[in-house]
Each structure stands twice: as structure tokens, then as C-alpha cells.
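Open the model in your viewer and keep the selection panel at hand. The stops below go from the whole chain to a single site.

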Amino acid sequence: MKLTESLIELEEKLNAILAEVRNLKMHIYALEEENERLRAKLYEERAQGNAFDNLSRLYDEGFHVCPPHFARARKAGNDCLFCISFLQKERKQNNK
Ligand SMILES: [Zn+2]
């Protein structure tokens, strides 16, 4: 009897965890969708207009513009050396 009660209790806990996993799964799915949309938008913006201005703006808004991490969020307040050297290169090409 005691064991049955324990098993029922365990089953309830597992069901609760499963419900939470399902919730998280939906949340992550929504985030991934949003991420895809934002990335597509960034690529689109990168393709139009003054490339250097767009890239500088993206960098200032907190996104990587360097090829290895392009369009990923930068850690707040951390400059990326790849991005900085990439922007310097772009600026030189722009001023030609
Ligand atoms: Zn970077």
C-alpha cells in the first residue's frame, strides 16, 4: 500500500514535470521562430543600402557583424575583436 502511494506520488510529479517540459518546448519554439525572423531581417538589411552604416548600426545595437558570429547577439558591454577589425576593414574599403 505504501509503495503504491509512493508510485502514485511519483507519477504525479513526473506528469507535472512533463507538463513543464511541454510548456518550455512551446516557448522555445516561439523564440526560435522569432530568432529566424530577426536573422532574416538582419540579412536583408545587410544587403540593402550603405553596407558600412548598416553594419555599424547592427554592431551598436548589440549584434555581431563579423563573419564567424554574424547576426548573433553580443554579450552586453563586450566588444568583439573580430567585429572591430571587420568594421575597420569595411570602413577603409568605403573610403576608397
Ligand atoms: Zn563579432
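**Two domains**

Colour the chain by its domain assignment, which comes from an automatic or database source: domain 1 is 1-48 and domain 2 is 50-96. Residues are numbered from 1 along each chain as its sequence is written. The model is predicted, so local features need pLDDT of at least 70 and side-chain atom pairs 80 or more, while totals for chains, interfaces and linings use all residues; side-chain values use heavy atoms, without hydrogens and water.

**The interface**

Six residues of domain 1 meet 10 residues of domain 2. Look for salt bridges (a side-chain nitrogen of Lys or Arg within 4 Å of a carboxyl oxygen of Asp or Glu): the count between domain 1 and domain 2 is zero.

**The zinc site**

Now select His64, Cys66, Cys80 and Cys83. Which atoms of these residues are the protein donors of the zinc ion? They are ND1 of His64 and SG of Cys66, Cys80 and Cys83, at 2.1 to 2.3 Å (donors are N, O and S atoms within 2.8 Å of the metal, or 3.2 Å for Na, K and Ca; water is not among the atoms, so sites may look incomplete). In sequence, the spacing of the donor residues is H-x1-C-x13-C-x2-C.

Methods. Contact means heavy atoms within 4.5 Å.
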